[in-house]
Amino acid sequence: MTPMRRDGADVGWSLVVPLKPLARAKSRLSRAAGEEFRPRLALAFALDTVTAALACENVRDVAVVTDDRLAAERLAALGARIVPDTPARGLNAALAHGAGAVRARRPGAPVAALNADLPALRPAELELVLHSASLFPRAFLADAADIGTTLLTATSGRELEPAFGGASRARHLASGAQEITGPQAPSVRRDVDTGEDLRAALALGVGPHTALQAPRIMAGAAAPEGSKRLPPPQVRASGA
């Protein structure tokens with residue numbers, strides 16, 4: 001159920017999830033996954049991320065900013081709103097555009113930018129993080145490496161001001177956003193860019209779409225000689 005204020009105003013979060021065209025997404029996973037499976041993994045990550053986000057109690061809706069036709073069809077079928085990336089000027093422009101599209105419909109919406117590569121995302125952990133974020137005008141959650149950012153939020157009346165990419169934790173701190181450090185939410189911090197990241201996500205427990213693709217990679221799909229074998233996927237329980 002979407003949270004409401006005492007005056008009846010809707011205060012549920014609107015999430016903005018950016019997704020590159022699958023042919024270009026997750027390029028650093030090529031070594032672990034191979035060129036055939038890399039786009040499939042990128043789509044699986046996004047499907048599991050959006051599924052978990054939509055299952056979060058304090059999330060009202062999810063807008064995915066993408067120009068990928070296949071991804072748009074699959075994600076819309078889950079219940080996400082698809083926003084074309086009309087700026088076509090990179091990640092931060094796409095996020096600002098998505099936030100603008102959300103607030104064109106819901107002017108007072110609290111908005112959060114969420115990475116599309118969180119295959120182990122758990123709704124309950126996302127709920128904890130968003131609750132913490134609601135206490136500050138702008139807030140963010142660092143990734144597992146404490147270098148990047150997986151979530152950036154802006155409450156009603158505040159602009160998102162995204163500065164994702166590379167060492168974005170430092171940029172978001174410098175912009176005045178509050179870093180969220182309280183809740184234990186490893187699944188919200190576990191983005192996947194490399195084979196090592198994927199191993200860590202599989203150990204946490206991933207959603208069904210990623211779990212379906214992982215055995216194909218473990219079977220040796222373009223895995224380079226001498227590389228570590230991926231562990232068997234632990235499938236996240238539905239709604240967990």
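**Salt bridges and their setting**

Guide: Arg 60 has a relative accessible area of 41% and is partly exposed, a class that runs between buried, under 20%, and exposed, over 50% (1.4 Å probe, protein chains only). This is a predicted model, in which local features need pLDDT of at least 70 and side-chain atom pairs pLDDT 80 or more, while totals for chains, interfaces and linings use all residues. Residues are numbered from 1 along each chain as its sequence is written, and side-chain values use heavy atoms, without hydrogens or water.

Arg 60 makes a salt bridge with Asp 61, their closest N and O atoms being 3.3 Å apart. The term requires a side-chain nitrogen of Lys or Arg within 4 Å of a carboxyl oxygen of Asp or Glu. Asp 61 is also partly exposed, at 24% relative accessibility. The structure contains 10 salt bridges.

One of them joins the side chains of Lys 26 and Asp 193, at 2.6 Å from N to O. Lys 26 sits in the loop between β1 and α1, and Asp 193 in the loop between α6 (186-189) and α7, so this pair ties together parts 167 residues apart in sequence. Helices here are DSSP runs of H or I with at least four residues, strands are runs of E with at least two, and both are numbered from the N terminus. Lys 26 counts as buried at 17% relative accessibility, whereas Asp 193 counts as partly exposed at 22%.

Another pair is Arg 199 with Glu 196, the closest N and O atoms being 2.9 Å apart. Both residues lie in helix α7, three residues apart, which is about one turn of the helix. An α-helix has 3.6 residues a turn, so residues three or four places apart point the same way. Arg 199 is buried, at 15% relative accessibility, and Glu 196 is partly exposed, with a relative accessible area of 44%. Elsewhere, salt bridges with shared partners join Lys 26, Arg 28, Asp 117 and Asp 193 into one network.

Helix α7 spans residues 195-204, and its buried residues include Gly 195, Asp 197, Leu 198, Ala 201 and Leu 202. Gly 205 follows α7 and has a positive phi, near 110°.

The seven strands make an open sheet of mixed pairing, in the order β3-β2-β1-β4-β6-β5-β7. β3 (81-83) and β7 (178-179) are the edge strands, each with a single partner, so one side of each has no neighbour in the sheet. Strands count as paired if DSSP finds at least two bridges between them. β4 and β6 (residues 149-154) pair in the antiparallel sense over four bridges.

The largest nonpolar core has 35 residues, and those with the most contacts inside it are Leu 15, Leu 75, Leu 126 and Leu 130. Such a core is a set of buried Ala, Val, Leu, Ile, Met, Phe, Trp, Tyr and Cys residues joined through side-chain atoms within 4.5 Å. β1 (13-18), α1 (30-54) and β2 (59-65) are among the elements that each supply at least two residues of this core. α1 gives the most, with seven residues. Apart from this core lies another, of 18 residues, including Val 16, Val 65, Ala 101 and Ala 177.
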